[in-house]
Amino acid sequence: MLINRRQALQLGLAAFTGITATSLTKTIHSNDNPKRNFRVVGQSPLRKRAVARGFLSGAAGNYPTLSTDAALRNLFAQECSILVPENELKWDTLRPAIDKFDFSKGDWLAKFASTHRMYFRGHTLVWDQALPGWFKEKVNHQNAENILVEHITTTVKHYAGKVHSWDVVNEAIAIPYSNRPDGLHPGAWLELLGDGYIDLAFRTAAAADPKAMLVYNDRWLDYDTPRDNAQRAAVLKLLERFKSMGTPVQALGIQAHLDGSETRFNPRKLRTFLRDVASLGYKILITELDVVDKKLPVDIARRDRLVARAYEDYLSVVLDEKAVIAVLTWGLSDRATWHSNYNPRPDRAPVRPLPFDSNLKRKLGWNAMARAFDKAPKR
Ligand code: XIL
């Protein structure tokens, strides 16, 4: 039987048609189902829906937008029971000079959180990025350990009793860039201190605030791709290593920067990973959820539907695991999202990765989150 390209695509036979970029795009978009129902019961905000199921819902917010935008502040207060500073607790903001700490912006956000009865998360104590300008020049093999310990001790003590959890180490594993069997990212801290820096960081944080939940946070854990499969395996090994070494880590943070055009989503593999992590005794937080819409059609109805689909499919799997205690998006409204700079669309149309649009109106992505929250098993 002879079929033309269009019929083949409809039958899902893209592989036999000699894939071109256009036909692949069409295949991705054939995942769009205009009839899919994103209906939500009632009007209550995400914060309330999450609490009803026994977990926390929140977002990353930053000082420049929250300190100047009252409407955005109200939206955070309404939707979030947990807040994380997007940049304000990173080294480059916190450490204007090697001998100076500036907690002013972080403190402002901590106060904003407590005023609105939100928990407050810390992000992040050890990361190869967002290091200050002086770092390269001033930090060397001799002083690196002291500087790291001093940084963690001062920062964690400053917020002791006020934080829900700390992302102590961020993105230590990076399969595509590593030539080590453990997948560790060949970044500044590994180079300066060897692989012991991770254990050192957690022990130092635990000593500075014995009550804060200490989190290992990482990316690329979401899809059934060679990179993500290897990343999940390496993260699981690291978590096992923490157990055998007695490293004080209580939770895994999964960033979950999703890609709305990715078709290789495998609920079974993701579910198994979460169960494996939970079986080791760890809690799990979804720490930076958003959905990149770079490769999605420009049409807003279709684009929002595909973004919503990614949110609901992902969160349905994730929230089925009762060890998941919090879901935070990276930003709340398309008015302020890092993807405007980091993942702009080729057609320059404004990006729409978050549950609220730039007018702070709920999008289908919000419905998707609310639906997944409502059907999550109670913790
Ligand atoms: C991003 C912020 O959103 C941007 O504003 C900043 O310019 C760069 O960092 N993974 C992380 C976050 O752990 O800290 C990053 O945040 C996004 C990727």
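In which strand does threonine 124 lie? Threonine 124 belongs to strand β3, residues 119-126.

The views below show a predicted model, in which local features require pLDDT of at least 70 and side-chain atom pairs pLDDT 80 or more, whereas totals for chains, interfaces and linings use all residues. Residues are numbered from 1 along each chain as its sequence is written, and side-chain values rest on heavy atoms, with hydrogens and water left out.

**View 1. The cis peptide bond between histidine 123 and threonine 124.** The bond from histidine 123 to threonine 124 is cis, with omega near -5°. Helices (H or I, at least four residues) and strands (E, at least two) are DSSP runs, numbered from the N terminus. Histidine 123 is also among the residues that come nearest to the ligand.

View 2. Of the 13 residues around the ligand (a heavy atom within 4 Å), Glu86, Lys90, His123, Glu288 and Trp330 come nearest. Polar contacts are pairs of N or O atoms within 3.5 Å; within protein, one atom must be able to donate a hydrogen and the other to accept it, and residues adjacent in sequence count only if both atoms are side-chain atoms. A polar side-chain atom of glutamate 86 lies 2.5 Å from a ligand oxygen; the corresponding distances are 2.7 Å for lysine 90 and 3.4 Å for glutamine 255. Taken alone, the ligand exposes 410 Å², of which the protein buries 83%. Accessible areas come from the Shrake-Rupley method with a 1.4 Å probe, and for residues only the protein chains shown count as cover.

**View 3. The nonpolar cores.** A nonpolar core is a set of buried Ala, Val, Leu, Ile, Met, Phe, Trp, Tyr and Cys residues joined through side-chain atoms within 4.5 Å. The largest core has 99 residues, and those with the most contacts inside it include Phe76, Trp166, Ile254 and Tyr314. Helix α14 (residues 300-319) gives the most to this core, with ten residues. A second, separate core of twelve residues includes Val84, Val215, Ala251 and Leu328. Not counting residues up to four places away in sequence, isoleucine 254 touches (heavy atoms within 4.5 Å) several residues, among them Leu221, Phe273, Ile286 and Tyr314.

View 4. Six of the six residues of β1 (residues 56-61) are buried, that is, under 20% relative accessible area, with exposed over 50% and partly exposed in between (1.4 Å probe, protein chains only). Leu56, Gly58 and Ala60 point one way from β1, and Ser57, Ala59 and Gly61 the other way. β1 pairs (at least two DSSP bridges) in the parallel sense with β9 (residues 324-329) over four bridges. Four bridges also join β1 to the parallel strand β2 (residues 82-85). Leucine 56 stands opposite alanine 326 in β9, and alanine 59 opposite leucine 83 in β2.

View 5. Serine 81 is placed in the loop between α5 (70-79) and β2. Serine 81 is buried, with a relative accessible area of 4%. Its contacts, not counting residues up to four places away in sequence, are Arg47, Leu56, Ser57, Arg117, Met118 and Tyr119. The C-alpha atoms of serine 81 and arginine 47 are separated by 5.6 Å, although 34 residues apart along the chain.

View 6. Arginine 348 has a positive phi of about 70°, and leucine 360 one of about 65°. Arginine 348 is exposed at 68% relative accessible area, whereas leucine 360 counts as buried at 15%.
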